[in-house]
Structure formats: C-alpha cells, structure tokens
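Dear colleague,

I am passing on a structure for you to look over. My notes on it follow below, with the criteria behind each term.

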Amino acid sequence: MASSICINEILTDDELRSILSKLESDKDKEIFGLVCKRWLRLQSTERKKLAARAGPHMLQKMAQRFSRLIELDLSQSISRSFYPGVTDSDLAVIAHGFKGLRILSLQYCKGITDSGMRSIGCGLSSLQSLDVSFCRKLTDKGLLAVAEGCKDLQSLHLAGCRLITDGLLRALSNNCHKLQDLGLQGCTSITDDGLTYLVSGCQQIQFLDINKCSNIGDVGISNLSKACSSCLKTLKMLDCYKVGDESISSLAKYCNNLETLIIGGCRDISDNSIKLLASACKNSLKTLRMDWCLNVSDSSLSCILTECRNLEALDIGCCEEITDAAFQGLATIKTELGLKILKVSNCPKITVTGIGMLLEKCNGLEYLDVRSCPHVTKSGCDEAGLQFPKCCKVNYTGSLNEPDVLV
C-alpha cells in the first residue's frame with residue numbers, strides 16, 4: 001500500500017506563492033490562509049493592501065505579519081467624531097514597521113500632529129501617496145518633513161488642513177518633482193505666490209483641487225496653466241472668487257487636455273472666456289461645473305453644448321441669464337450628445353420647451369436637476385409629453401441623492 005504524501009512536503013514556498021498569485025478574489029486569498037499555519041504565513045507576507053483600526057501594540061504585530069504591505073488605510077469615518085483615530089505614537093510604529101509602504105491614508109485622524117508627520121517623513125522614504133485630509137492640527141512644520149523625506153511623492157491630499165501655507169508648496173516644489181495629484185481644498189492661506197512656487201518645480205500636476213482657496217486668483221492660475229499645460233486634466237476652483245476671465249483664457253490657451261473644470265462661484269467669469277475654453281477643450285472636456293457664474297449667458301452655453309462632444313456632466317445652476325435659446329443650436333447637430341448629468345436648478349428663464357429641445361439630443365441622460373425652476377414642473381413636463389430616458393432621474397424637489405461627480 002503506497003504511503004500518503006503531504007502536499008506541504010512537495011511544494012516549495014515559491015510554488016505556493018505562485019499559486020496564491022493566481023487567486024483573483026480576496027475571499028479566495030483568505031481561504032488560502034486557512035489551510036495551515038505555513039499557508040497563512042505566506043498569505044500574510046504577500047498581502048499588499050490593508051485597511052484597519054489598530055493601536056500601537058496591534059500595529060507592531062501587523063508589521064511583523066504583513067511585511068510586504070504597500071498600501072495602508074487607517075482613515076476614520078467622519079461620523080466617529082468622538083474617536084481621535086491614529087495618534088502620533090501609532091505613526092512612529094508605522095514609520096518603523098512598514099518600510100516599504102507607498103500609500104498611506106489617514107483621513108479624519110484628528111489626533112495627529114506635526115510630530116507624527118515628522119516620523120512619516122523620516123521613516124517612509126518610499127511613500128508615493130499620503131492623504132491627511134481633515135487632520136486639522138497639522139501645520140507646515142510636520143509636512144515639511146514629508147516633503148523633504150518622501151521625494152517620490154506623487155499624491156498629497158490636505159483638504160481641510162487650514163494651517164498649511166505657501167511655505168509647504170515651496171518645499172514640495174524643491175523636493176517632490178514627481179507630484180501629480182494635490183488636494184488643497186479649504187487651505188485658505190495658500191496664495192498666488194504659493195501656487196507659482198509649486199509649479200516652478202512640480203510640472204507634472206494632473207489633478208489640483210483648490211476649492212475654497214479664496215486667496216488664489218488669476219496670477220496663480222495663469223502660471224499653473226503655462227507650467228503644467230500638457231498634463232493638467234482636473235482643476236477644481238469652487239468659490240475662488242478672485243478667479244476671472246484671465247484664468248479661463250489662460251487654460252484655454254495652454255491646457256487643451258483638460259477633462260474636469262470646477263468654477264462654481266467664480267462670479268467674474270463671462271461668456272468670452274468660456275467660449276474660448278469650449279473651443280480649445282472640445283475633445284477633452286468631460287465635466288464642467290459653473291453654477292453661480294452670473295455673467296454666463298446663452299451664447300457660451302450653446303457653444304459648450306455644440307462644441308464639447310465628450311461632455312458628460314454639466315452644472316449651470318443659478319445662472320439666471322440662461323434661457324431656452326441656449327438649446328436651440330442643438331437642432332443643427334446630427335449626432336447625439338453624450339451628456340449624462342445636467343443641473344439647471346434656479347434658472348428661472350428655462351422652460352419645458354428648452355428641456356424638450358435638450359431631450360431630443362440626450363438619450364443617455366441619467367440625472368436632471370430642475371429644482372427651483374418655476375417653469376419646469378413635473379405636471380408641466382407630463383402635459384408637454386416629454387419623454388425622459390428610462391434610466392433618467394429627474395430632481396424636481398430635492399428628494400433625490402445628487403451625483404458627486406460635480407463636487
């Protein structure tokens with residue numbers, strides 16, 4: 001009778017790793033680790049991504065078990081406001097134990113201070129992505145250590161970190177030349193000087209969020225446009241009230257690959273620059289938010305709809321001068337529009353007639369916001385016999401969840 005052979009005696013560690021690498025689902029990988037202690041050890045050391053809630057003691061054990069971890073998410077839920085989340089001592093453990101870490105997310109960890117950021121800057125030289133959004137105690141001092149120690153940094157998100165100043169942007173410019181993705185939402189101390197410093201050294205910026213950075217204006221945006229002309233794809237400037245036509249004209253002149261532009265609340269922007277942008281970015285622009293741009297009228301909207309054939313999301317809410325005439329030019333277009341999301345809330349001059357003209361060219365519309373449009377009601381649309389696409393949700397009163405693509 002032949003003796004039984006144990007698979008563990010035949011397969012080497014490398015062969016088991018090869019088997020593990022071919023498992024696609026996380027569930028199958030977890031089951032792999034339940035076979036025996038040896039397989040669990042291999043499964044743990046090969047794990048690349050982890051989301052957890054843990055203190056220093058547990059983090060030390062995790063560092064020993066998941067020795068090849070690349071991505072670590074210790075973010076807190078915004079609803080858990082009573083819990084501080086990760087602390088500076090935790091970050092010291094992370095910096096010492098996860099030397100190969102490339103992606104670290106710490107959103108809403110409100111206990112973190114500059115001391116913890118210095119640990120990250122000194123210990124994680126391979127870090128490529130850091131998200132400390134809404135860690136409100138952070139200042140330039142801690143993040144300067146990150147800029148100086150993590151020279152491969154490609155993505156940095158600092159939304160809600162109001163103590164950040166132009167000094168950090170200067171340090172990023174001097175050290176982090178690979179930076180592509182920068183989130184500065186609500187960093188109100190950032191100015192045109194800071195943005196100018198940034199793009200003098202970081203000329204690969206693809207994504208920049210300066211929503212509510214109210215001290216940035218035309219000078220900073222013009223310098224950004226020139227320095228990052230070929231790569232800039234997303235620019236968010238919500239409520240940057242100092243931004244005007246000069247900024248948009250500069251984007252039109254230099255940034256022909258722009259895909260997403262948020263300029264809601266930039267009230268000095270007018271038709272002239274919007275037309276230039278629509279013409280220059282007609283093949284690239286996919287998302288445009290320009291609610292509360294009070295000087296925008298029918299001529300520029302008509303230009304956007306007829307020129308930007310790849311546009312998928314558009315917000316013109318509270319643009320009170322826009323009328324049904326903006327949609328008349330659609331009759332001359334032979335092909336369908338790709339528009340999926342349209343917000344025209346608080347546009348008092350738009351009527352059911354204009355919406356009807358739009359629908360004739362938008363069979364793929366998925367969301368239409370007509371709140372506070374006195375001439376566009378559900379009963380009015382029904383009486384006119386408007387046929388909305390089957391998948392389209394029409395928001396008449398605010399009862400529907402809004403898409404977040406325009407945020």
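Rings of Phe, Tyr and Trp (for Trp, its six-membered ring) are taken as a pair if their centres lie within 6.5 Å, and planes under 30 degrees apart count as stacked, over 60 as edge-to-face and the rest as tilted. This is a predicted model, in which local features need pLDDT of at least 70 and side-chain atom pairs count only at pLDDT 80 or more, while totals for chains, interfaces and linings use all residues. Residues are numbered from 1 along each chain as its sequence is written, and side-chain values use heavy atoms, with hydrogens and water left out.

By that ring criterion the structure has one aromatic pair. The ring centres of Tyr108 and Phe134 are 4.8 Å apart and their planes stand at 10°, so the pair is stacked. Tyr108 belongs to the loop between strand E3 (103-105) and helix H7 (114-123), and Phe134 to the loop between strand E4 (129-131) and helix H8 (140-149), so the pair ties together parts 26 residues apart in sequence; helices (H or I, at least four residues) and strands (E, at least two) are DSSP runs, numbered from the N terminus.

Thr287 is found in strand E10 (residues 287-289) and is buried, with a relative accessible area of 7%, whereas Tyr108, at 26%, counts as partly exposed (buried is under 20%, exposed over 50%, partly exposed in between, with a 1.4 Å probe and protein chains only). Leaving aside residues up to four places away in sequence, Thr287 touches Glu259, Thr260, Leu261, Leu311, Ala313, Val405 and Leu406, contact meaning heavy atoms within 4.5 Å.

With regards
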